[in-house]
There are 2 protein chains.
Amino acid sequence: MASHDSVVSPAGILLDLDGTVFRGNELIEGAREAIHTLREMGKKIVFLSNRGNISRAMCRKKLLGAGIDADVNDIVLSSSVTAAFLKNHYRFSKVWVLGEQGLVDELRLAGVQQAKVPKEADWLVISLHETLTYEDLNQAFQAASGGARIIATNKDRSFPNEDGNAIDVAGMIGAIEASAQAKTELVVGKPSWLMAEAACTAMGLSAHECMIIGDSIESDIAMGKLYGMKSVLVLTGSAKPGEQRLYSPDYVLESIKDVTKLAEEGILL
Amino acid sequence: MASHDSVVSPAGILLDLDGTVFRGNELIEGAREAIHTLREMGKKIVFLSNRGNISRAMCRKKLLGAGIDADVNDIVLSSSVTAAFLKNHYRFSKVWVLGEQGLVDELRLAGVQQAKVPKEADWLVISLHETLTYEDLNQAFQAASGGARIIATNKDRSFPNEDGNAIDVAGMIGAIEASAQAKTELVVGKPSWLMAEAACTAMGLSAHECMIIGDSIESDIAMGKLYGMKSVLVLTGSAKPGEQRLYSPDYVLESIKDVTKLAEEGILL
């Protein structure tokens with residue numbers, strides 16, 4: 001039997017934030033209008049980000065501040081997905097956090113137990129920590145040296161901000177792994193199944209009904225390919241024009257503002 | 001011809017500091033008296049430490065505060081040896097420092113040029129930084145991402161302090177290597193030839209005329225073996241009794257306070 005590839009126009013959009021909608025705290029030109037256009041077309045949108053240092057509530061506030069409406073249930077962050085994973089699979093574990101308030105908020109919201117001292121932690125959760133001090137690193141080292149297993153919200157090496165690129169979670173992971181001679185067991189962020197499934201579940205759609213739009217070949221485009229979603233690379237973030245990697249996007253746009261071109265080409269109907 | 005091993009009683013002692021003379025800021029019991037005894041026996045003493053975050057002047061002050069006389073020229077630190085290396089071999093280079101004031105002091109004293117911004121650095125010097133912040137890490141990341149070569153004062157994973165063990169330079173190196181995808185070219189601290197030669201030069205002695213006393217098999221005992229010095233392991237720091245490693249010490253003492261036993265045994269005359 002000949003297989004018949006039915007062309008399905010995506011019903012759901014997984015929309016990356018850093019480098020796609022925002023650059024640092026700055027809204028990328030035309031992003032608000034593009035999101036409006038997608039919604040006018042009846043598309044469901046989930047905002048997703050490997051940022052593990054903010055909560056969905058904080059993210060929602062940032063989106064609202066930029067004039068973009070979003071429900072917390074339409075936001076999927078590595079912080080909230082990490083919290084859900086620990087709650088679902090390790091409900092008797094205590095965690096120590098090398099990270100920020102947003103992550104702690106999500107862990108509390110999920111009901112994950114926090115260790116009182118590093119030595120009693122079953123898990124060390126490592127995330128971006130932009131106000132990190134030596135003592136924070138040292139406490140995480142104590143947890144890992146004491147046998148805590150390591151889970152990381154993501155392992156991005158750098159993230160784009162107003163000044164270019166800044167050191168990201170890979171740096172924090174590197175510090176702990178090298179000093180405590182330990183290895184990270186699980187990285188939650190894109191392109192993991194955890195993020196993909198959380199986004200699809202939030203929309204009530206299957207992966208093949210979704211399209212991911214993002215600036216990172218390693219996380220966004222890879223996730224699209226790995227889970228059978230159409231993928232669109234935008235060039236407003238980490239990827240450079242013409243860059244070749246293991247995974248190629250289905251489409252490339254200069255910017256999210258050009259999303260109307262996908263409609264013009266009949267890719268999004 | 002039969003070779004004749006002449007037994008030479010060491011004329012110079014390389015005395016490690018952290019874990020041997022001090023534990024954190026606390027003087028190890030009997031250390032002052034042991035140093036006095038060695039000097040009474042006519043031994044030259046060089047104090048040496050992989051600590052790259054303090055200057056020799058700061059170290060001298062700490063020793064004096066504990067009632068131990070020392071000239072700055074009798075102190076060999078990875079900070080001062082790093083500064084001398086850069087001055088001697090890369091005099092036109094500019095450096096960026098991920099480290100503390102003591103290291104900066106030694107670099108200035110040696111006349112090493114400091115980069116004004118991370119991006120203009122030819123070398124990134126990584127050392128222990130007990131007051132490290134995210135911004136310090138990020139600037140070091142900028143330097144390494146911009147192409148600066150990496151030199152580390154040492155690569156100890158942890159150091160003993162009053163509370164047990166604390167995260168050391170390996171953590172800072174791990175952070176930068178993982179995020180900037182760069183590798184450290186040179187590690188200055190023990191057991192490197194740079195530290196061994198600096199200590200011998202300070203005493204005007206050859207390595208075979210020296211004995212090293214320290215608490216670390218990986219740095220102190222390894223250095224003794226690699227350069228043909230007699231070596232004495234003390235058990236007041238990182239090494240555990242009976243611990244086996246590639247390098248074995250010639251002698252083991254419970255503590256520096258038992259140094260008189262070396263005289264009683266005819267090892268130090």
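Two exercises with worked solutions follow.

This is a predicted model, in which local features need pLDDT of at least 70 and side-chain atom pairs count only at pLDDT 80 or more, while totals for chains, interfaces and linings use all residues. Residues are numbered from 1 along each chain as its sequence is written, chains are lettered from A and ligands numbered from 1 in the order in which they are written, and side-chain values use heavy atoms, leaving out hydrogens and water.

**Exercise 1.** Find out whether Ser179(A) is buried or exposed, and what Ser179(A) touches.

*Solution.* 
Step 1: Ser179(A) has 4% relative accessibility, so it counts as buried (under 20% relative accessible area, 1.4 Å probe, protein chains only).
Step 2: Leaving out residues up to four places away in sequence, Ser179(A) touches Phe141(A), Arg157(B), Ile167(B), Ala170(B) and Gly171(B) (contact means heavy atoms within 4.5 Å).

**Exercise 2.** Describe the contact between chain A and chain B.

*Solution.* 
Step 1: Chain A brings 26 residues and chain B brings 26 residues.
Step 2: Together the chains bury about 1,900 Å², with 64% of it on carbon and sulfur atoms (buried area is the accessible area, 1.4 Å probe, lost by two parts on being put together, summed over both).
Step 3: Tyr134(A), Arg157(A) and Ile167(A) supply 37% of the area that chain A buries against chain B, more than any other three residues.

Definitions and conventions:
Buried means under 20% relative accessible area, exposed over 50%, partly exposed in between (1.4 Å probe, protein chains only).
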